[in-house]
Amino acid sequence: MPTIGQDRIDGAGAGLPMGDAGSRAGSGGHRNVGTLYLSLAVVAGVVGGMLAVALQAGLLPHGVLGRWGGGDAAGMWERIATRHGMMMVFFCALPALFGGFGNWFVPLLTGARDMAFPRLNTLCWLAVAGSFVLALLGLSVVTAPAMSIAALLLWCVGMLGAAINMVASVLNMRAPDMRLRDMPVFVWAQVLTAMMLVMVVPVLAGALTRIVLDGGDVFAHLDTVLRAFAGPEMALLLLPSIGIVSQVMETFCGVPLLGRMQVIAALVVMSVGGGAVWTHDLFNGGLGTSDGYHAAAELLVILAPVVMVLGAWGATALTGHVRPSLPMGWAVGCAVLLVAGGVMSLLPGGMGDVHAATVFAAVFATFAGFYYWVGKMSGRVVPRMAGLVHLVLTVTGTAMSLSVHQGAPAVAGAVLMGASILVFAGVVIVTCMRGRGHIAANYWGIGARTLEWTLPSPVGMDRGNRA
């Protein structure tokens, strides 16, 4: 991948020299907001994951569910189960992949000091965090209809503003000698995710507003909207996941990503094509359309680019010398899940499994990014053994959850996933409690070629002083 000369990279996009490491790190606003998104994702993941484990393992008896649901235990169980998926996607996976890692590293990888609209950046996080609180309040039978709709509408406002900010930042704030074709795949994935959000989020917000105006059975209409959003939701999770895994692959295979321009073209098809096909189908057939041809077209626009990306990853791994590491383990797990999702799509009635595999792949990509960049973000080293335990538990729990959907094995898979969440929480706590040691700017070695590895670890620290 082409690299940009350090002495020519402009932090604000005005052609000024980069200066020292501290000035290259910029004001730090984007890093703070990125950390807030990652923190929100951790909280949402723990809350949503443990609630799902409690439901799957039967730890919430009907008496408790009945009290929560005003006497309707079955309805309360269904409400929690369906909203769990919304919470994990809208408030955990996507905020981490796009809001967290995007805010943290897009400015560093493009030579910008900050995002284009720093204040808007903070307001968007506040909107997403507020929508998470409303989603939790929406679990109550009394406040569920109003809070669920309000939560999603506020989420749409926050993510739409963040998407506009991302596109403006990449187009206007990057270094003057960095052409679009020179940007890392991770940056391409982030800006294409933003473009897709700009296309599909207003449609989702419009559908939610129509529910409010029409009245009637709010939950039935809301479930229809969420099912209709499943197609673009898969692409929105896959785009930033592919960007992170591509970055990890380049680093630990020791060679630039083979077929890089083909991968970027595949991401463009997935983003622009997927959003356009979905929006056209909604205007043509409405939210309730179940035309098999339309569903197949949407799935093809997503799966065909994924096949191209998997081919590029495989060629890169075969050409280079793969170094085992925690980030690489998570990246390989993400690739395996994408292959599994493609196989499941060929089976009768496999759409639900495809969606589950996509969500799990996004989780693996999120953890790959965490273990890859945590030293750069915090200046601390994660406990390696605990990280390995986290990986093994997650792999085992994911395999059991995807292969068996009920009975004792499904409960065991849910328990293992819950245990992995607790281990990860322990990893985060131990890492934060450790004192900052001496970590090299490029602690992954020669394979890490992008711009963030020219900055000190943690970013914003220069010879022990904050920039």
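Begin by selecting S271, which lies in helix 10 (residues 260–285); helices here are DSSP runs of H or I with at least four residues, strands are runs of E with at least two, and both are numbered from the N terminus. S271 has 0% relative accessibility and counts as buried, a word that stands for under 20% relative accessible area, with over 50% called exposed and anything in between partly exposed (1.4 Å probe, protein chains only). Leaving out residues up to four places away in sequence, S271 touches L192, M195, M196, M199 and L239, where contact means heavy atoms within 4.5 Å.

Before going on, note that this is a predicted model, in which local features need pLDDT of at least 70 and side-chain atom pairs count only at pLDDT 80 or more, while totals for chains, interfaces and linings use all residues. Residues are numbered from 1 along each chain as its sequence is written, and side-chain values use heavy atoms, with hydrogens and water left out.

Zoom out to the whole protein chain, which has 15 helices and 2 strands. Of its 467 residues, 54% are buried, and among contacts between residues at least 6 apart in sequence, 82% join residues at least 24 apart.

Next, select helix 7 (residues 185–214) together with helix 9 (residues 230–253), whose axes come within 7 Å and cross at roughly 170°; the axes are lines fitted to C-alpha atoms, for helices over the stretch in contact, and angles run from 0 to 180 degrees between N-to-C directions. Helix 7 is therefore roughly antiparallel to helix 9, the term for angles over 145 degrees, whereas those under 35 count as roughly parallel, 65 to 115 as roughly perpendicular and the rest as oblique.

Apart from neighbours within four places in sequence, F90 is in contact with P95, L152, W155, L204, L226, F229 and E233.

Stay in helix 4 and pick G100, which is buried with a relative accessible area of 0%. Beyond its neighbours within four places in sequence, G100 contacts G34, Y37, L38 and P95.

Move to T316 in helix 11 (residues 292–319), which is buried at 0% relative accessibility. A polar atom of the T316 side chain lies 3.1 Å from the backbone nitrogen of L258.

Then select P327 in helix 12 (residues 326–345), buried with a relative accessible area of 1%. The C-alpha atoms of P327 and F367 are 7.5 Å apart, although the two residues are 40 apart in sequence.

Finish at P458, in the loop between helix 15 (408–433) and strand 1 (461–462), where the peptide bond from S457 to P458 is cis, with omega near 0°.

Technical notes
A polar contact is a pair of N or O atoms within 3.5 Å; within protein, one must be able to donate a hydrogen and the other to accept it, and residues adjacent in sequence count only if both atoms are side-chain atoms.
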